[in-house]
Amino acid sequence: MRLQVYLSHAGVASRRAAEDIISQGRVSVNGVIISAQGSKVNEGDVVLLDGKPLQLENRKLYFAMNKPPGFICSSSDPQGRPLALSLIPSHITERLYSVGRLDFLSCGLIFFTNDGSFASRLGHPSSALEKEYIVEATGIISDDVIKAFNDGITVEDVFYKAKLAERTGRKSLRIILIEGKNREIRRVFSHFHLHPCLLRRVRIGSVNLGSLEEGNCRTLTDNELSNLNHTEFTEKYGGHGEKKKV
């Protein structure tokens, strides 16, 4: 088994993130630090991450969380900010990590898992996975902002474009993103001298935030997992635009 796959199956991170961990020289196999990609792990090998032993996890877990603002989606934080992982029930002993991120001030739906293949598949841009947000601003949102989101806009050499942006109030929008570049909504708002006072993700693919209370989490249902793994879930559950193949 490739080392990055082993790390993924041990619940450390997605395969892509595991490659970065290996490159940082944080992993050893049988006492030898491994920093090159493509190394293999055989049955009986001793694999350590930061000096701590790893083992494959047989149970795969999938959680949907309503992350409150003021929590960070990382396994640790040098600034000591609260971790979203701390909201996972204490009886869960498996090492979990987030599928994608919500920034510190944003809230709403995010997934946590120990299934690296699942995380990699959903996190890859080719999945065309829809993410829906409700955004409220401190000031009135002009029609120019909506047009920019729908037509596309370049801010500091980065191109941003929503699949759909529509007005829900004088100071609020509903926005659907596909690619979901880092801090996309906040950067476009800032370009128009606006500040989101609320940025809540309410849907990922076919999974809705629904009535899940802030700070709580639940397991994804078999039906939700099946839909997320379906190759045509964006057409079936997105309801906007052309059919997309994964």
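Let me begin with Phe118, which is buried at a relative accessible area of 2% (buried means under 20% relative accessible area, with a 1.4 Å probe and protein chains only). The model is a predicted one, in which local features need pLDDT of at least 70, side-chain atom pairs count only at pLDDT 80 or more, and totals for chains, interfaces and linings use all residues. Residues are numbered from 1 along each chain as its sequence is written, and side-chain values use heavy atoms, leaving out hydrogens and water.

Two aromatic pairs are found in the whole structure (ring centres within 6.5 Å; planes under 30 degrees apart are stacked, over 60 edge-to-face, the rest tilted). Phe118 and Tyr62 form an edge-to-face pair, with 5.0 Å centre to centre and 75° between the planes. Tyr62 belongs to strand β5 and Phe118 to helix α3 (residues 116-123), so this pair ties together parts 56 residues apart in sequence (helices, H or I of at least four residues, and strands, E of at least two, are DSSP runs numbered from the N terminus). Tyr62 is also buried, at 16% relative accessibility.

Phe149 and Phe189 have ring centres 6.2 Å apart and planes at 55°, so their pair is tilted. Phe149 is buried at 1% relative accessibility, and Phe189 at 0%.

Key:
Rings of Phe, Tyr and Trp (its six-membered ring) pair if their centres lie within 6.5 Å; planes under 30 degrees apart count as stacked, over 60 as edge-to-face and the rest as tilted. Buried means under 20% relative accessible area, exposed over 50%, partly exposed in between (1.4 Å probe, protein chains only).
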